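Please work through each task before reading its solution.

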Amino acid sequence: MRIGYYPGCTLKTKAKNLEQAAIESMKALGIEMLELERWNCCGAVYSLADDDLIHILAPARDLIRAKDQAFDKVVTLCSMCYNTLARANKLMREDEVKRKTINTFMEEESDYAGEVEVIHFLNLIRDEIGWDKLKDAVKVPLTGLKLAPYYGCTLTRPNEIAIDDPLNPTIFLQFVEALGAEVADFDSAEKCCGSYNMVSNPEAAVSAAAEVIRSAEKGGADALILSCPLCEYNLSRKQANVVSANEDLHPLPVFYFTQLLAIALGLDPEVCKFELNQPDALAFLEEKGLLKGAVA
């Protein structure tokens with residue numbers, strides 16, 4: 001199977017450890033992710049202003065690229081890219097007046113009316129592979145590992161574009177269980193990590209991130225897994241700041257969910273680019289005995 005793939009900006013720079021592990025894992029599972037030609041930044045955040053159509057142009061242009069390449073679906077890895085593309089797609093499908101304005105403005109592009117379906121990587125695994133097939137493909141079960149799967153703000157909000165039941169999402173839990181790991185009792189799975197406040201209001205962001213880490217620790221998690229580079233920045237790269245500001249917290253390993261997918265499939269750890277994670281991330285997996293079954 002082949003599917004259109006939108007990477008987004010950060011996956012080509014600071015989040016290569018999210019992208020490469022996903023691409024190689026899909027190859028192992030028989031799916032080829034074909035990167036869109038001439039894609040551009042999606043804008044990262046969907047504008048909440050009703051008359052702000054200029055910020056719809058970037059994600060709409062990416063969807064046009066997918067349509068022009070004859071893809072009926074386009075998959076994303078980054079939570080924020082998914083949210084932005086999916087919400088722009090919904091507008092282009094449902095609002096005839098705004099759709100006409102946007103298509104008229106981009107007169108050199110093909111007209112677009114929402115013909116492409118935007119899906120997240122987790123949906124791709126669930127709907128095109130299935131949990132049973134994924135479980136059968138696992139060569140290095142993550143046995144003994146207790147994970148806190150973190151959705152963050154943008155995978156289940158708003159309801160109309162949620163990747164699973166917004167009131168009771170289980171897709172991330174099913175993913176963890178298919179890899180052989182245990183799911184931690186984690187009641188902050190959908191709470192905000194602080195988002196861009198880490199730059200504009202770091203005190204508030206540190207407080208938000210601390211709540212997420214505290215919840216994971218309380219549930220006995222060995223590690224957090226996520227799919228958003230901004231969440232990874234706040235919860236992993238800035239974790240030392242969070243821990244130092246909260247005496248009750250301890251360092252907690254953070255991984256992109258695609259990295260643990262690749263490890264469970266027995267792929268070479270090099271595809272996971274652990275050098276971009278916390279310094280002790282690889283050592284943590286080695287200590288857990290999860291790298292012994294990897295193939296070169």
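**Exercise 1.** In which loop is the place of Ala44?

*Solution.* The model is a predicted one. Ala44 is found in the loop that lies between β2 (32-35) and α2 (57-68). Turning to its backbone, Ala44 is not a glycine, yet it has a positive phi of about 70°.

**Exercise 2.** Is the peptide bond from Arg157 to Pro158 cis or trans, and where is the place of Pro158?

*Solution.* Step 1: the omega of the bond from Arg157 to Pro158 is near -10°, and the bond is cis. Step 2: Pro158 belongs to the loop between β5 (146-149) and α7.

**Exercise 3.** Describe how helix α5 packs against helix α7.

*Solution.* Two packed helices are described by the angle between their axes and by the distance between those axes.

Step 1: for α5 (residues 121-129) and α7 (residues 171-178), the axes come within 10 Å and the crossing angle is roughly 65°.

Step 2: angles of 65 to 115 degrees count as roughly perpendicular; α5 and α7 are therefore roughly perpendicular to each other.

Step 3: the crossing of α5 and α7 is left-handed.

Step 4: on the α5 side, the contact comprises Leu122, Asn123, Ile125 and Arg126, which meet Ile171, Phe172 and Phe175 of α7. By class, the contact of α5 with α7 holds five nonpolar residues, one polar and one charged.

**Exercise 4.** Describe how α5 packs against helix α12.

*Solution.* Step 1: the axes of α5 and α12 (residues 257-264) come within 11 Å, crossing at roughly 40°.

Step 1: α5 and α12 are therefore oblique to each other.

Step 2: Phe121, Leu122 and Ile125 of α5 meet Phe257, Thr258 and Leu261 of α12. This contact of α5 with α12 divides into five nonpolar residues, one polar and no charged.

**Exercise 5.** Which domains does the assignment of the chain give, and how many residues of domain 1 are in contact with domain 2?

*Solution.* Step 1: the domain assignment gives domain 1 (2-121) and domain 2 (132-287).

Step 1: the C-alpha centres of domain 1 and domain 2 are 24 Å apart.

Step 2: 28 residues of domain 1 are in contact with 30 residues of domain 2.

Step 3: the size of an interface is often given as the accessible area lost when the parts come together. Between domain 1 and domain 2 the buried area is about 2300 Å², and carbon and sulfur atoms give 73% of that area.

How values were computed
Residues are numbered from 1 along each chain as its sequence is written. This is a predicted model: local features need pLDDT of at least 70, side-chain atom pairs count only at pLDDT 80 or more; totals for chains, interfaces and linings use all residues. Side-chain values use heavy atoms; hydrogens and water are left out. Axes are lines fitted to C-alpha atoms, for helices over the stretch in contact, and angles run from 0 to 180 degrees between N-to-C directions. Helices (H or I, at least four residues) and strands (E, at least two) are DSSP runs, numbered from the N terminus. Angles under 35 degrees count as roughly parallel, over 145 as roughly antiparallel, 65 to 115 as roughly perpendicular and the rest as oblique. A crossing is left-handed if the near helix is turned anticlockwise from the far one by less than a right angle, and right-handed if clockwise. Contact means heavy atoms within 4.5 Å. Ala, Val, Leu, Ile, Met, Phe, Trp, Tyr, Cys and Pro count as nonpolar, Asp, Glu, Lys and Arg as charged, and the others, Gly among them, as polar. Domain bounds come from an automatic or database domain assignment. Buried area is the accessible area (1.4 Å probe) that two parts lose on being put together, summed over both.
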